[in-house]
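Thanks, everyone. Please have the sequence and the 3D view open while I talk.

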Amino acid sequence: MTNSVRKVAAAAATAVLGAALAGCGGGAGAPDAGREARMGTPAASAPASASAPASASAPAADSGSPAASPQAGAPAKPPTMAPGPNGLTPVFERAKQQTDKTVALTFDADMTSDQGPRAADGEHFDNPALISTLRTLKVPSTIFMTGRWAEEYPDQAKSIGTDPNFEIANHSYSHHAFKSPCYGLPALDAAAARADVDRAFAAFRQAGAVNTVPYFRFPGGCYDDQALRVLSTAKVTAVQWDVVSGDAFAKDPGAVAEQVLSGVKPGSVVVMHCTRSAAPVTEEAVQRIVPELRKRGYRFVKVSELIGK
């Protein structure tokens, strides 16, 4: 392990303490086996029986040109996965077809329901420079957005959600926990958790975002079978990851880039963040990650294309 990767690991450990304050968990979800989410660790495996994809086609995307998703107002139906045992919400972490050199960069736009005063005082939970860089580099991406973020930045949510380069997925409304403990985040009961998902989708619609997909990422990545049961009626696919960028609270963009580049495999899902206050070096890291992965022959796609494989 290089010194720079050690720095990312150390920063990730610090993030466990800070996540309760920033509302920006980045650990891996764990099924009922009792494994707790940890910032900076590989994503835990989803229940094996919950990973059979449905036979739906995914929209095409091209790493060297804007993604070939439909324009605003006419989105194609995105692929989802078949329910798991007893109707549990399925969990996706990495494409089954692992020979095609595709990779999905995903960005969590985190903001908890009670962080409005901090935003009013000037804290930035958005990252316009990152979105601009993704557009300039023509990187199709999936943004996992909280409903509260969409309410705080409706113009940005609409801009992202009407750009064919992006798709918006659900990261809850409040960024409260669907499983406890989870980085000190307040926990929702089953009824509140289910309503939280609907409220986020409603916030996207209110902002004018139309390129939304029926995918959900648990706040902090924390989940168990009970959380998967709660989501079952929402008809979404839960999306985790297999590559942790370590960008949350990181100070060294080179170390973040190195951690991503060392972890990416064909079909990978990379988790990063779209919040300046909690992930200040992400945009600079992306500028290093994208050309290097393209040099290695990788093509960037949205999660919807990976799920369709």
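A definition before anything else: helices (H or I, at least four residues) and strands (E, at least two) are DSSP runs, numbered from the N terminus. This is a predicted model, in which local features need pLDDT of at least 70 and side-chain atom pairs count only at pLDDT 80 or more, while totals for chains, interfaces and linings use all residues. Residues are numbered from 1 along each chain as its sequence is written, and side-chain values use heavy atoms, with hydrogens and water left out.

Start with the loop between β4 and α6. P181 is found there. A cis peptide bond joins S180 and P181, with omega at about 5°. Most residues other than glycine have a negative phi, and most peptide bonds are trans. Two more residues of interest follow. S172 lies in the loop between β4 and α6. Its phi is near 80°, a positive value in a residue other than glycine. Y183 is found in that loop too, with a positive phi of about 55° although it is not a glycine.

S172 is buried, at a relative accessible area of 0%. Y183 is buried as well, at 10%.

Five of the five residues of β4 are buried, so β4 is largely enclosed by the rest of the structure. In a regular strand the side chains alternate between the two faces of the sheet. Here F166, I168 and N170 point one way, E167 and A169 the other way, and all are buried.

What does β4 pair with? Strands pair if DSSP finds at least two bridges between them. Five bridges join β3 to β4, and the two run parallel. In that pairing, F144 has A169 of β4 as its bridge partner. Two bridges join β4 to β5, again parallel. N170 has F216 of β5 as its bridge partner. The chain crosses from β4 through α6 to β5, and this β-α-β crossover is right-handed. Right-handed here means that, with the strands pointing away from the viewer, the path from the first strand over the helix to the second runs clockwise.

Next, the aromatics. A pair of aromatic rings is described by the distance of the centres and the angle of the planes. The rule: rings of Phe, Tyr and Trp (its six-membered ring) pair if their centres lie within 6.5 Å; planes under 30 degrees apart count as stacked, over 60 as edge-to-face and the rest as tilted. How many pairs does that give? The count comes to six. One of them is F178 with F218, edge-to-face, 5.7 Å centre to centre and 75° between the planes. F178 lies in the loop between β4 and α6 (190-207) and F218 in the loop between β5 (212-216) and α7 (225-231), so the pair ties together parts that are 40 residues apart in sequence. Both F178 and F218 are buried.

F201 and F204 also pair edge-to-face, at 6.0 Å centre to centre and 90° between the planes. Being three residues apart in helix α6, F201 and F204 are separated by about one helical turn. F201 is buried at 16% relative accessible area, and F204 is buried at 1%. There is also a cluster: F178, F216, F218 and Y223 form one aromatic cluster.

Charges over rings, briefly. The criterion is NZ of Lys or CZ of Arg within 6 Å of the ring centre and within 35 degrees of the ring normal. The charged end of R199 sits over the ring of Y173, 3.8 Å from its centre. The charged end of R217 sits over the ring of F144, 4.0 Å from its centre.

Last stop, P219. P219 is found in the loop between β5 and α7. It is buried, with a relative accessible area of 0%. Contact means heavy atoms within 4.5 Å. Not counting residues up to four places away in sequence, P219 touches H171, S172, H175, H176, F178, C182 and L185. P219 and F144 are 75 residues apart in sequence and 10.0 Å apart in space, C-alpha to C-alpha.

That's the tour. Thanks.

Key. Buried < 20%, exposed > 50% of the residue type's maximum accessible area, 1.4 Å probe, protein only.
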